[in-house]
Amino acid sequence: MADLLAMAHKMRIEELKAQTEMEKAKAQIRYIVARVPEEDDDLLRYLVEQRILPGEGLVITELAPYRGVLSINAPMQQVVALGMEIASQIWVYPIENSKNL
């Protein structure tokens, strides 16, 4: 049992190290949402409606910082465009070996 707990702890540490702001993530990689901002009720409501929530998977399909937006395939397979300011408040981590080309 102690070995399983140690392994789970190590996996969690690696996951935390791999977290990045969504705006800094790479396109065409599968990510899991780690954190979303909770301070803005309207934004949180929108993220809930789109299922952009901790534990949910997504793929960044387009990064366009020159336009100030990125596009993702959200959990319901809908395309969602987010402003870079919002994307900077959402933390994600990559799923191992998840190139989605």
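**A walk through the predicted model**

At 17% relative accessibility, Glu21 counts as buried, where buried means under 20% relative accessible area, exposed over 50% and partly exposed in between, with a 1.4 Å probe and protein chains only. Residues are numbered from 1 along each chain as its sequence is written, and side-chain values use heavy atoms, with hydrogens and water left out.

Let us step back for the overall layout. The protein has three helices and six strands; here helices (H or I, at least four residues) and strands (E, at least two) are DSSP runs, numbered from the N terminus. Along the sequence, these elements follow the pattern α-β-β-α-β-β-β-α-β. The protein has 101 residues, and 33% of them count as buried.

Back to Glu21, which sits in strand β1 (residues 20-21). Which residue does the side chain of Glu21 meet in a salt bridge? The partner is Lys24, at 2.8 Å from N to O. A salt bridge is a side-chain nitrogen of Lys or Arg within 4 Å of a carboxyl oxygen of Asp or Glu. Lys24 counts as exposed at 55% relative accessibility, whereas Glu21 is buried. By this rule the count comes to four salt bridges.

Another of these bridges joins Glu56 to Arg51, with the closest N and O atoms 3.0 Å apart. Arg51 lies in the loop between α2 and β3 (57-64) and is partly exposed, with a relative accessible area of 32%. Its backbone is worth a look too: Arg51 has a positive phi of about 60 degrees although it is not a glycine. Gln28, in the loop between β1 and β2, also has a positive phi, near 65 degrees. Gln28 is partly exposed, at 25% relative accessible area.

A further salt bridge pairs Glu62 with Arg67, the closest N and O atoms being 3.4 Å apart. Glu62 counts as partly exposed at 32% relative accessibility.

We finish in the loop between β2 (29-35) and α2 (41-49), where Glu38 lies. Is Glu38 buried or exposed? Glu38 is exposed, with a relative accessible area of 59%.

Conventions: Predicted model: local features only at pLDDT ≥ 70, side-chain atom pairs only at ≥ 80, totals over all residues.
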